Amino acid sequence: RGHDSKPVESISTAAESKRDTEEYIHRLEDEHAHHSGVDKGDTSDGPSKKEAKGDVVSTRENVWQSLEPFRRGRNPSREDIQRVVQRYFNEENGASPVSECKQAFKDLLTQTGCNKYVDNALLDQAIFALAPDAGLVKRADFLFCWNYWMKSSRERRSALLIIDVQNDFIDGSLALRNCDANEEGVEVVPIINTLRSSAPFDTIVLTKDWHPPDHISFHTNLTSSKLYDDQQNISDIPLFAEVTLKDGLKQKLWPPHCVQKTQGGELNPGLEHGRLDYVVQKGVRSDIDSYSAFYDNGRRHQTELLNILRKHEIVDLYCCGLAFDVCVAYTALDGASEGFRVYVVRDACRSVSNKTASEMTRKLEDAGVKFVASADVPSLLENHSTNVTD
């Protein structure tokens with residue numbers, strides 16, 4: 001998916017007929033066997049474009065409705081879920097063949113204690129919603145959907161926004177450990193992974209700084225012609241200084257970072273993410289920076305984020321990632337201004353500067369943004385889903 005801001009919503013329909021669903025699932029299983037070198041007599045490359053035309057979001061909703069009897073039973077504990085995931089999902093690539101994923105789903109449904117029969121039609125529909133690729137389902141997608149399906153209500157919908165957990169901010173050209181706050185960006189990775197695997201979010205969005213090589217924020221690209229005062233001697237302007245650009249906007253000068261199609265711009269390899277996640281790029285224009293995942297710094301252009309959240313009728317927005325005092329904070333402020341109930345998961349963030357972190361904390365509090373700990377989020381979401389007024 002790379003630069004695409006849309007999740008995989010075109011794997012297949014929720015099954016226009018039971019026969020079509022079964023044929024598609026069998027094809028996925030055969031496709032995995034083909035990719036794995038197992039001869040099952042079918043060397044097709046997977047579903048055709050015609051077969052891959054549906055909407056996994058509506059399919060996910062259909063499965064949620066079908067699972068109502070199971071939600072009345074015992075919700076498997078986190079330890080139960082971990083045991084099932086460890087059994088059926090490959091630790092190295094975080095994926096499971098379709099057939100194994102179906103068994104994992106069936107095992108968890110059995111643990112609810114519901115005496116309703118888990119039929120193949122329900123299992124097949126669940127596989128559609130999990131958006132398999134090459135006959136494999138990603139662990140992140142399985143856990144996202146399971147948490148979603150076990151929510152008691154969907155009256156108040158929530159999104160997790162994972163901001164800029166990219167290599168350059170962790171161990172690259174703008175590693176936070178080398179900034180004033182001297183914090184380790186990599187520390188947020190396991191916290192975010194646990195958060196997304198345990199909390200029942202309705203939507204998950206990842207953002208990426210995605211700058212062209214000639215981006216205005218790079219100190220190495222500074223020329224006097226770009227400055228409001230074009231008589232300034234640019235050799236006297238240090239890295240991390242703030243300047244006024246020709247258009248009147250303030251701009252902090254950063255080292256080159258998160259350049260498009262470079263390793264530094266990619267998500268950290270330890271960060272769990274799935275095919276059902278949205279990926280939104282920001283800072284893609286050469287002439288203007290974008291701290292917020294909603295708008296550029298001049299609010300002249302917006303990303304796809306607002307449309308994604310509106311489409312999914314999101315009410316609560318949980319923000320985490322890098323860096324707290326820059327992109328996380330500006331995104332949270334814009335989210336509050338757009339009317340979302342915004343929460344910053346503070347232990348899942350790291351900062352550039354202690355000074356600016358304190359300043360942005362006050363601004364966020366003044367804007368009505370709340371701070372929460374990652375361990376408290378799962379219960380908050382469950383409470384919110386049944387109480388739409390708190």
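What volume does the second largest pocket have? The second largest pocket holds about 560 Å³. This is a predicted model: local features need pLDDT of at least 70, side-chain atom pairs count only at pLDDT 80 or more, and totals for chains, interfaces and linings use all residues. Residues are numbered from 1 along each chain as its sequence is written, and side-chain values use heavy atoms, with hydrogens and water left out.

**Second largest pocket**
- A pocket is an open set of points on a 1 Å grid over the protein atoms alone, where a 1.4 Å probe fits, with protein on both sides within 12 Å along at least five of seven lines.
- Lining residues have an atom within 4 Å of a point.
- A volume is the space filled by probe spheres set on the points, which are joined across faces, edges and corners.
- The second largest pocket is lined by 25 residues, and E242, Y291, N297, V326 and Y330 are the closest to its centre.
- Two or more lining residues come from each of β6 (250–252), α11 (324–337) and α12 (354–366).
- Helices (H or I, at least four residues) and strands (E, at least two) are DSSP runs, numbered from the N terminus.
- Helix α11 gives the most to this lining, with 5 residues.

**Largest pocket**
- The largest pocket has about 710 Å³ of space.
- Its lining has 33 residues, and R78, I81, N147, S197 and S198 are the closest to the centre.
- Helix α9 gives the most to the lining of the largest pocket, with 6 residues.

**Helix α6**
- Helix α6 (residues 120–129) has 8 of its 10 residues buried, so it is largely enclosed by the rest of the structure.
- Buried means under 20% relative accessible area, with a 1.4 Å probe and protein chains only; exposed means over 50%, and partly exposed lies in between.
- The buried residues of α6 include L122, F128 and A129.
- After α6 comes A131, with a positive phi near 50°.

**Strand β8 and its partners**
- Strand β8 (residues 314–322) has 8 of its 9 residues buried, so it is largely enclosed by the rest of the structure.
- Two strands pair if DSSP finds at least two bridges between them.
- Strand β3 (residues 157–163) runs parallel to β8, joined by 7 bridges.
- I163 stands opposite G321 of β8.
- Strand β9 (residues 341–350) also pairs with β8 in the parallel sense, over 6 bridges.
- L317 has V342 in β9 as its bridge partner.
- From β8 the chain passes through α11 to β9 in a right-handed β-α-β crossover.
- Right-handed means that, with the strands pointing away from the viewer, the path from the first strand over the helix to the second runs clockwise.
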